[in-house]
Amino acid sequence: MIFVLSCLAQWSVAQEIPMFIGTYTHAGSQGIYLYMFNENSGEATMYSSTASEHPSFLARSVKGDMLYAVNETGDSTAALSSFTFDGDALSFVDAIPTEGSYPCHVAVSKHHPIAVVSNYGGGSLSVYRLEKNGGLAEKIQYIQQEGTGPNKERQEASHVHSAFFSPDEKHVYIQNLGTDKVTIYRIDKNNDNYSLAEESHISTPAGGGPRHLVFDEKGKNIYVLLEMTAKIAHYEKDGENWTLVDTVSINEDGFEGENGAAEIKCSADGKFIYASNRGEANTIALFAVDKSGKLERRKVYPTEGEGPRNFNISPDGRFLLVANQKTNNITVFERNRETGELKDTGKQIEVSTPVCIVF
């Protein structure tokens with residue numbers, strides 16, 4: 001009996017996984033919040049908070065022992081910060097300025113000791129070399145992008161919004177909302193020295209404003225989320241080039257309100273894609289992906305909050321959590337792993353200005 005109870009206790013503990021929440025700190029937030037998320041029940045328990053200024057986007061190392069956060073400010077305090085995680089608490093390690101204003105995204109390579117920060121305000125990239133233990137070694141490259149787009153209010157200058165490593169990690173894809181371009185950089189290595197070299201670019205639909213993207217598993221299809229038109233532009237690899245296959249709306253038919261598409265993610269099995277829309281929609285859309293890579297919109301769900309910025313799928317695929325920035329809440333959806341469909345659990349996590357969720 002003691003053995004059985006011990007096993008049950010270990011199983012229960014094993015289902016509690018760390019969940020990090022990035023926030024804006026102008027409205028009372030402390031910075032980064034650590035919750036323990038129960039993958040059986042969908043319950044989340046507040047564990048601790050770590051002071052950091054506007055940690056609006058987070059990334060975790062492959063080993064899980066490091067957490068990186070951009071400090072999204074418009075002055076000299078704009079930085080990439082690193083923290084160690086021992087399974088119990090975060091500890092600040094170091095911060096290096098980005099040189100570009102309002103950094104809004106950080107991507108950490110799985111295979112190379114580099115991290116790439118996107119500076120929205122400055123319209124630039126900052127590339128960092130990481131130590132073997134995951135700490136920040138130095139900023140090794142600063143790349144300024146230039147250009148404008150047809151939307152005079154939002155695209156008056158370059159606005160780099162995100163960076164994603166290709167599945168084979170030979171390239172980095174950079175989304176620029178201000179120029180309607182996805183720029184593809186080759187990752188060059190000379191001994192232990194890394195750098196990014198521009199190789200080509202993809203012109204996305206004018207006035208759409210590319211924000212984030214996802215790849216399929218083999219890197220043959222990419223899906224670019226266009227913030228200002230709330231559409232997904234689907235591209236297929238054709239030799240060395242990318243061909244636009246289709247653009248699909250993430251809104252219900254007939255929606256005519258203000259758009260603000262924010263996040264796009266693919267399920268681990270590659271069968272489903274989700275995308276959120278802020279503005280006046282406050283929704284998350286479900287798409288099925290067929291064998292050719294084509295998208296079919298299945299359902300659009302209200303997020304039970306306003307300003308659905310970032311969202312994430314739990315590692316086991318059973319839950320999808322949406323950070324509603326404007327209403328200070330995270331909505332927990334139960335996810336059907338067979339159909340991709342979402343069901344509101346009724347569980348809400350109250351956090352001040354949540355804008356990023358990382359497991």
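Which residue forms a salt bridge with glutamate 199? The views below start from that pair. This is a predicted model: local features need pLDDT of at least 70, side-chain atom pairs count only at pLDDT 80 or more, and totals for chains, interfaces and linings use all residues. Residues are numbered from 1 along each chain as its sequence is written, and side-chain values use heavy atoms, with hydrogens and water left out.

**View A. Glutamate 199 and arginine 186 form a salt bridge.** The closest N and O atoms are 3.2 Å apart. A salt bridge here is a side-chain nitrogen of Lys or Arg within 4 Å of a carboxyl oxygen of Asp or Glu. Glutamate 199 sits in strand 15 (residues 193-203) and arginine 186 in strand 14 (residues 181-190), 13 residues apart. Strands are DSSP runs (E, at least two residues), numbered from the N terminus. Glutamate 199 is partly exposed, at 42% relative accessible area. Arginine 186 is partly exposed too, at 32%. The classes are buried (under 20% relative accessible area), exposed (over 50%) and partly exposed in between, with a 1.4 Å probe and protein chains only.

**View B. Lysine 139 pairs with glutamate 99 in a salt bridge.** The closest N and O atoms lie 3.2 Å apart. The pair links distant parts of the chain, 40 residues apart. Lysine 139 belongs to strand 11 (residues 136-144), while glutamate 99 is in the loop between strand 7 (90-97) and strand 8 (103-108). Lysine 139 is partly exposed, at 23%. Glutamate 99 is exposed, at 57%.

**View C. Arginine 154 meets glutamate 227 in a salt bridge.** The N to O distance is 3.0 Å. Arginine 154 lies in the loop between strand 11 and strand 12 (160-165), and glutamate 227 in the loop between strand 17 and strand 18 (231-238), so the pair ties together parts 73 residues apart in sequence. Arginine 154 is partly exposed, at 29%. Glutamate 227 is buried, at 6%. The structure holds 11 salt bridges.

**View D. Four strands form an open antiparallel sheet in the order 16-17-18-19.** Strand 16 (210-215) and strand 19 (241-249) are the edges; each has a single partner strand, so one side of each lacks a neighbour in the sheet. Neighbouring strands are turned by 25° against each other on average, direction ignored. Those angles use axes fitted as lines to C-alpha atoms. Strand 16 and strand 17 (residues 221-226) pair over five bridges. Pairing requires at least two DSSP bridges between two strands. Phenylalanine 215 has isoleucine 222, in strand 17, as its bridge partner.

Key:
Axes are lines fitted to C-alpha atoms, for helices over the stretch in contact, and angles run from 0 to 180 degrees between N-to-C directions.
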